[in-house]
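The sequence and structure are shown first.

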Amino acid sequence: MVRAPVFVFKNIVDAAEFRKFAVAPETKEKIRQVVQQTISHCTVTFVRIFMTDRKVHISIGIDSDDASGMNIVTYAGDVVMDWMKQNYHSTIPEMYIEGGF
């Protein structure tokens with residue numbers, strides 16, 4: 001299952017700065033860790049980052065074992081949004097659980 005929360009910035013420069021933080025190997029590993037530690041029956045299979053103009057999408061793939069996948073992947077997206085909001089050095093103006101990417 002896949003969910004791709006989207007982070008929306010005021011301009012491309014701010015989005016590019018956020019993308020730089022998001023694609024860092026340590027950030028991607030922390031996303032994987034925090035999702036797996038927070039949600040039981042969840043294995044993160046990939047974390048991919050895409051930027052489209054002033055939006056940054058963080059696509060999260062999970063294997064939910066026998067649990068209901070859509071509920072768990074939505075929860076995983078929420079966990080990622082909370083972690084990014086707490087750990088990014090600047091304000092994230094807007095974020096949505098699914099960016100339609």
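How many salt bridges does the count come to? The count comes to 2 salt bridges, a salt bridge being a side-chain nitrogen of Lys or Arg within 4 Å of a carboxyl oxygen of Asp or Glu.

The model is predicted, so that local features need pLDDT of at least 70 and side-chain atom pairs count only at pLDDT 80 or more, whereas totals for chains, interfaces and linings use all residues. Residues are numbered from 1 along each chain as its sequence is written, and side-chain values use heavy atoms, with hydrogens and water left out.

**Salt bridges**

| Pair | N to O distance |
|---|---|
| Glu-98 and Arg-3 | 3.1 Å |
| Arg-32 and Glu-29 | 3.8 Å |

Helices (H or I, at least four residues) and strands (E, at least two) are DSSP runs, numbered from the N terminus. Arg-3 is buried, at 12% relative accessible area, while Glu-98 is partly exposed at 29%. Here buried means under 20% relative accessible area, exposed over 50%, and partly exposed in between (1.4 Å probe, protein chains only).

Arg-32 and Glu-29 are both in helix α2, 3 residues apart, and are thus separated by about one helical turn. Arg-32 is partly exposed, with 26% relative accessibility; Glu-29 is also partly exposed, with a relative accessible area of 36%.

His-57 belongs to strand β4 and is buried, its relative accessible area being 3%. Its side chain joins that of Thr-52 in a polar contact of 3.2 Å. A polar contact is a pair of N or O atoms within 3.5 Å; within protein, one must be able to donate a hydrogen and the other to accept it, and residues adjacent in sequence count only if both atoms are side-chain atoms.

**The nonpolar core**

A nonpolar core is a set of buried Ala, Val, Leu, Ile, Met, Phe, Trp, Tyr and Cys residues joined through side-chain atoms within 4.5 Å. The largest such core has 27 residues, of which Phe-7, Phe-9, Phe-18, Val-35, Ile-58, Val-80 and Met-84 touch the most other members. At least two core residues come from each of α1 (12-23), α2 (25-38), β3 (43-52), β4 (55-63) and α3 (69-87). The largest share, 8 residues, is supplied by α3.

Leaving aside residues up to four places away in sequence, Met-84 touches Phe-7, Phe-18, Phe-21, Ala-22, Thr-27, Ile-31, Ile-58 and Ile-92, where contact means heavy atoms within 4.5 Å.
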